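Student: I would like to go through the charged pairs of a protein model. Can we take them one at a time?

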Amino acid sequence: MEFFEQQLPLPVTAAEAYDWHCRPGALQRLIPPWESVHIVDPGTGVCDGSVVKLRQRLGPIRLQWLAQHHDCLPGRSFSDTQISGPFAHWEHLHDFQDQAPSRSVLTDRVEYRIPGGACGRLLAQRFVRQKLQSMFAYRHTTTSQDLAAQVKYRQRPAWQIAITGAGGLVGSTLTPILTTSGHRAVKLVRNNAGSSDVVWDPRAERFDAAGLEGTDAVVHLAGENIAAGRWTSRRRKGIRESRVQGTRVLCAGLARMASPPQVLICASGVGYYGDRGEEILTEASAPGTGFLAELAQEWEAATEPARAAGIRVVNLRFGMVLSPRGGALAKMLPPFRCGMGGRVGGGRQYWSWIAVDDAAGAIYHALMTDSLQGPVNAVAPYPVTNAAFTQALAQVLGRPACVPVPAAAARMLLGEMAEELLLASTRVVPQELVR
């Protein structure tokens with residue numbers, strides 16, 4: 001039998017840490033984004049007998065993992081044991097111990113046995129150990145950061161928060177952050193609505209205001225993917241309608257509500273600033289030119305009905321959102337893993353970026369911070385050139401970055417989209433976010 005143990009100091013009591021693990025979304029928060037793991041059934045929560053069903057992909061192999069919770073002592077500890085899965089034996093103890101007022105320590109202790117006997121241990125022991133170390137490093141970082149945010153905003157009441165685009169890259173990261181913090185997340189969907197979802201249809205200008213009664217805040221993330229294909233006239237029209245028309249319908253509907261929400265967080269983009277070379281850009285900088293700049297200006301202007309109705313509106317101008325689960329980074333990973341990555345064009349253009357967890361964290365901060373309103377840049381504090389970005393990605397993957405993409409080739413393949421998304425230089429800093 002093999003053992004793995006790791007401890008984590010936490011800025012909350014043992015009972016608070018235990019409760020965080022029991023809330024909807026906790027399991028989703030703890031799965032590393034680079035792992036191909038899908039939650040098929042989260043079970044009935046952390047309670048004796050609850051069974052969690054996961055599906056995992058390891059290359060061409062698909063595995064099913066069933067784990068059962070047991071020995072649950074509220075505020076103190078719980079365990080889960082593999083019923084079926086990749087290990088010959090797996091049992092994971094989560095132990096919470098108070099250490100000082102409002103402080104505790106989480107101990108994760110895993111007892112496992114690799115299948116295949118001595119041969120299996122010889123072949124897989126090092127691999128499994130490395131996987132456990134990286135997995136628990138991620139789990140503990142996430143747990144610590146989420147609980148620190150919970151402490152920071154603990155004086156705020158629990159809210160009901162409606163989200164458009166909840167199934168997207170940022171929305172699916174935000175939802176479990178909200179639910180593990182004690183808030184209720186409601187999805188605004190166009191079709192296939194569940195029992196707790198609210199239906200809206202921006203193309204038909206249909207908005208179910210009654211379904212949002214009692215909602216304290218709205219996060220608007222819905223919009224057609226701007227990088228899904230060449231910007232033909234039809235694609236540009238669809239992108240504009242999905243953002244501008246959708247926002248207009250939503251905000252007009254919110255303004256008509258008898259009790260409108262307190263705050264609206266509406267996505268926007270750093271494309272607002274256009275191609276600006278090495279100029280450092282803040283929220284006070286003038287807009288640029290081009291399709292994305294014009295789109296962002298119209299997008300933000302469409303929130304005016306909500307602002308006029310007394311709703312606090314925050315226009316979050318997102319940089320390139322990075323996650324191995326989707327978006328630009330997911331598209332870059334395959335060629336870079338094959339050693340076929342490199343800079344785009346001359347590589348001197350600045351890329352403003354933000355990790356997906358930080359993007360979701362910026363939304364949560366904007367929701368909870370009454371002084372924030374208007375445009376807010378949601379980017380990392382230090383924008384980097386394309387050459388620096390691609391070199392760093394190659395180093396992380398242990399591959400060379402020696403296959404550059406000439407600007408002419410990018411323009412030939414992607415047209416106007418290459419010019420504004422890949423070759424434009426936008427050096428944005430988050431002045432309002434870090435005040």
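This is a predicted model: local features need pLDDT of at least 70, side-chain atom pairs count only at pLDDT 80 or more; totals for chains, interfaces and linings use all residues.

Student: How many salt bridges does a search of the whole structure find?

Tutor: A pair counts when a side-chain nitrogen of Lys or Arg is within 4 Å of a carboxyl oxygen of Asp or Glu. Searching the whole structure on that basis gives a total of 16.

Student: Which residue forms a salt bridge with R154?

Tutor: R154 sits in the loop between α3 and β8, and its partner is in helix α1, 138 residues apart. The closest N and O atoms of the pair are 2.4 Å apart. The partner is E16.

Student: Is E16 buried or exposed, or does it count as partly exposed?

Tutor: Buried means under 20% relative accessible area and exposed means over 50%. E16 has 23% relative accessibility, so it counts as partly exposed.

Student: Which helix holds R29, the partner of D146?

Tutor: D146 and R29 form a salt bridge, with 2.8 Å between the closest N and O atoms. Both D146 and R29 are buried. D146 lies in helix α3, and the pair ties together parts 117 residues apart in sequence; R29 lies in helix α2.

Student: What is the relative accessible area of D95, the partner of R76?

Tutor: The closest N and O atoms of R76 and D95 are 3.7 Å apart. R76 counts as partly exposed because its relative accessibility is 42%. D95 is buried, with a relative accessible area of 15%.

Methods. Residues are numbered from 1 along each chain as its sequence is written. Side-chain values use heavy atoms; hydrogens and water are left out. Helices (H or I, at least four residues) and strands (E, at least two) are DSSP runs, numbered from the N terminus. Buried means under 20% relative accessible area, exposed over 50%, partly exposed in between (1.4 Å probe, protein chains only).
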